[in-house]
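Q: Hi! Could you walk me through this one? I'd like to start with the overall picture and then go into some details.

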Amino acid sequence: MPVSDPEKEQLEIMESEDFGNEAGSQAMDAALRSSFVILKVVIAVLVVYLVFSNTFTVEDKKEGAIILSFGKSRTSAEDVWKPGIRFAWPFPIDEKVEIARERPVKSVAAWHAPIGRMEVGDNVNQRPVDAMYDGYAITMDDKIIHVKAEMTYRVSEPSRFTFDFADATTILQLVLDNGLTYSAAEANLSAILENPTAFTETVKRRVDKLVRSYDLGVEVLRVNISGKD
């Protein structure tokens with residue numbers, strides 16, 4: 001039976017709609033496939049980033065590092081100072097603890113108060129000494145001196161230095177303060193002024209003794225003393 005024009009037109013419309021739906025489905029499938037590919041690439045990049053996000057480098061003769069796995073060290077004593085790239089899993093699996101091999105510690109316990117703390121002048125050498133704020137040391141002949149010190153130390157036992165004390169650096173500063181005031185109390189002012197090198201050596205001996213007694217895991221390299229009054 002021949003198809004009338006209206007029916008033919010209806011069939012053509014239906015066929016065109018089916019073709020349009022099929023084309024739309026294909027386009028949707030292609031878009032989804034592209035999205036999945038992009039998503040996989042993003043996930044892969046994130047995984048690589050997370051795996052290597054805790055990777056770091058250690059500089060030769062200047063720093064070291066201890067890697068903790070679930071709170072326990074997995075770095076041997078020989079490898080702490082080993083230079084190069086170190087791999088660690090992301091936190092909380094691994095945690096890196098970086099250590100400076102050599103560091104200075106300063107003592108201003110026997111020095112003037114910082115400028116600006118008191119409105120008594122801008123020059124510490126011209127303003128009067130105020131015992132309420134200024135630090136000082138007293139010599140054996142009851143003279144007041146103002147000196148400051150700097151000690152450079154090297155970490156010899158990294159695990160002990162890092163984990164056996166809440167703040168080993170603060171202890172070292174207190175040790176230097178003690179070495180300065182103790183040594184001043186053991187010498188006359190004239191002896192200190194005539195031979196400041198000998199006074200510095202006395203301070204270092206005192207500091208060495210205290211460091212050994214506390215077993216801080218460090219070696220004192222040098223001590224410098226400065227001051228004019």
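Here is a short chat about the model above.

Q: Before anything else, what kind of model is this?
A: This is a predicted model.

Q: Okay, how many helices and strands are in the protein?
A: The protein has five helices and 10 strands.

Q: And what share of the residues is buried?
A: Of the 229 residues, 28% are buried. The accessible surface is about 15300 Å², with 56% of that belonging to carbon and sulfur atoms.

Q: How about contacts along the chain, what share joins residues at least 24 apart?
A: If you take contacts between residues at least 6 apart in sequence, 70% of them join residues at least 24 apart.

Q: Let's go inside. Which residues of the largest nonpolar core touch the most other members?
A: Those are Met-151, Leu-172, Val-207, Val-211 and Val-218, out of 34 residues in that core. Strands 2, 5, 9 and 10, together with helices 3 and 5, each supply at least two residues of this core.

Q: Which of them gives the most?
A: Helix 3, which contributes six residues.

Q: You mentioned Val-218. What is Val-218 in contact with, leaving aside neighbours within four places?
A: Its contacts are Tyr-153, Arg-154, Val-155, Ser-156, Phe-161, Leu-172 and Val-211.

Q: Now helix 5. How far does helix 5 reach?
A: From first C-alpha to last, the 19 residues of helix 5 reach 27 Å, close to the 27 Å expected at 1.5 Å a residue.

Q: Which residues are buried there, and what covers them?
A: The buried ones in helix 5 are Phe-199, Thr-200, Val-203, Arg-206, Val-207, Asp-208, Leu-210 and Val-211. Their cover includes strand 9, helix 3, helix 4 and strand 10.

Q: How far is Asp-208 from Val-218?
A: Their C-alpha atoms are separated by 9.7 Å, and the two residues are 10 apart along the chain.

Q: Switching to the outside: which residues form a nonpolar patch on the surface?
A: Leu-32, Phe-36, Leu-39, Ile-43 and Val-47 do, with about 460 Å² of accessible area together.

Q: Where is Leu-32 found?
A: Leu-32 sits in helix 1, which covers residues 5–52. With a relative accessible area of 40%, Leu-32 is partly exposed.

Key:
Residues are numbered from 1 along each chain as its sequence is written. This is a predicted model: local features need pLDDT of at least 70, side-chain atom pairs count only at pLDDT 80 or more; totals for chains, interfaces and linings use all residues. Side-chain values use heavy atoms; hydrogens and water are left out. Patches are made of residues with over 30% relative accessible area and no salt bridge: like charges are joined within 9 Å, nonpolar side chains (Val, Leu, Ile, Met, Phe, Trp, Tyr) within 5 Å. Accessible areas come from the Shrake-Rupley method with a 1.4 Å probe; for residues, only the protein chains shown count as cover. A salt bridge is a side-chain nitrogen of Lys or Arg within 4 Å of a carboxyl oxygen of Asp or Glu. Helices (H or I, at least four residues) and strands (E, at least two) are DSSP runs, numbered from the N terminus. Buried means under 20% relative accessible area, exposed over 50%, partly exposed in between (1.4 Å probe, protein chains only). A nonpolar core is a set of buried Ala, Val, Leu, Ile, Met, Phe, Trp, Tyr and Cys residues joined through side-chain atoms within 4.5 Å. Contact means heavy atoms within 4.5 Å. The expected span of a helix is 1.5 Å times one less than its number of residues.
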